[in-house]
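User: I'm new to this one. Can you walk me through a few spots?
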Amino acid sequence: MTTPHTTDVSHIAPREKAEILSQALPYIRKFHGKTIVIKYGGNAMTDPVLQQDFAEDVVLLKLVGLNPVVVHGGGPQIEGLLSKLGKKGEFIQGMRVTDEETMEVVEWVLAGQVQQDIVGLINAAGGKAVGLTGRDGGMIRAKQLKVQDKDDPSKEHDIGQVGDIVSIDPSVVKALQDDQFIPVVSPIGFGEKNESYNINADVVAAKLATVLQAEKLLMLTNIRGVLDKSGELLTELTPRRIDELVADGTISGGMIPKIAGAIDAAKSGVNAVHIIDGRVPHAMLLEILTDQAYGTMISSR
């Protein structure tokens, strides 16, 4: 699939440009000073044009008075390095078994290569980004995730250093926000014995949004949002409607854990969760600062 590129706006008359900007004013006023947690992933994280759009959008949101916090994944990058090292992945019920050697690679990729690329992009666009892992400021305490066997609920699988969140202390994120920095968080937590855990980035973003009492949680994906059975975009959903869509098979597979985190966040004080199409240039700005829906919004109501 080809990625749509940024529209040329040089032909737009100054008056029209001013009109477009003025339409964003009510949203800027409404969300000024509020925290927006962004789960960064998919094509937006790998396509150079979309990477640039993302960085510019984050900087603009900060400059107009919002407080963006970025949480990122890095599955394809981890897979790529493991392949180069000749390490064959083992999966149980779709989850990667993460031994000590694999965890070292995960930390190197997430807290090193991927995170610093994102920090660099935001800084180059005029922002002041700072990279964090769950270790920094004791932010994400974790324990080993127990995976229940899908056929035998009495049986559990050991998948190594894959983590389940115990608690999140957002003090370091709040301190950076107060100093006008943009936090960029890698989904790595630490356990009681100082061991590292790789945690699902969607889960970290949802829990962090809840703890920060964020105004919005934005999840960038490679799909238009949640679709009905005929392929039409569902622009607004409630938890009750989501239960119906899961029951009839409309929502299935990898969308279920993403939706589950979104519902938890919406029920726990995050005003709105948006699953948006990260393949659309400037999708975040369009979703936050215009009336147009570029994905699915989930609210607790």
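User: Which residue with a positive phi follows α6?
Analyst: Gln213 follows α6, and its phi is near 50°. Keep in mind that this is a predicted model.

User: Where does α6 sit in the chain, and how many of its residues are buried?
Analyst: Helix α6 covers residues 201-211. It is mostly covered, with 8 of its 11 residues buried.

User: Which ones are buried?
Analyst: Ala201, Asp202, Val204, Ala205, Ala206, Leu208, Ala209 and Thr210 are the buried residues of α6.

User: What caps the N-terminal end of α6?
Analyst: Asn200 does. One of its side-chain oxygens is 2.8 Å from the backbone nitrogen of Asp202. Asp202 is also among the buried residues of the helix.

User: New topic. How many aromatic pairs are there?
Analyst: The structure has 1 aromatic pair. Tyr40 and Phe54 form it, and they are stacked. The centres are 3.7 Å apart, with 5° between the planes.

User: Where do those two residues sit?
Analyst: Tyr40 is in strand β1, residues 35-40. Phe54 is in helix α2, residues 48-63. They are 14 residues apart, so the pair links distant parts of the chain.

User: Is Tyr40 buried or exposed? And Phe54, buried or exposed?
Analyst: Tyr40 counts as buried because its relative accessible area is 1%, under the 20% cut-off. Phe54 is buried too, at 4%.

User: Last one. What lies over the face of Phe181?
Analyst: Lys128 does, at 4.7 Å from the ring centre.

Notes: Residues are numbered from 1 along each chain as its sequence is written. This is a predicted model: local features need pLDDT of at least 70, side-chain atom pairs count only at pLDDT 80 or more; totals for chains, interfaces and linings use all residues. Side-chain values use heavy atoms; hydrogens and water are left out. Buried means under 20% relative accessible area, exposed over 50%, partly exposed in between (1.4 Å probe, protein chains only). Helices (H or I, at least four residues) and strands (E, at least two) are DSSP runs, numbered from the N terminus. A polar contact is a pair of N or O atoms within 3.5 Å; within protein, one must be able to donate a hydrogen and the other to accept it, and residues adjacent in sequence count only if both atoms are side-chain atoms. Rings of Phe, Tyr and Trp (its six-membered ring) pair if their centres lie within 6.5 Å; planes under 30 degrees apart count as stacked, over 60 as edge-to-face and the rest as tilted. A charge sits over a ring if NZ of Lys or CZ of Arg is within 6 Å of the ring centre and within 35 degrees of the ring normal.
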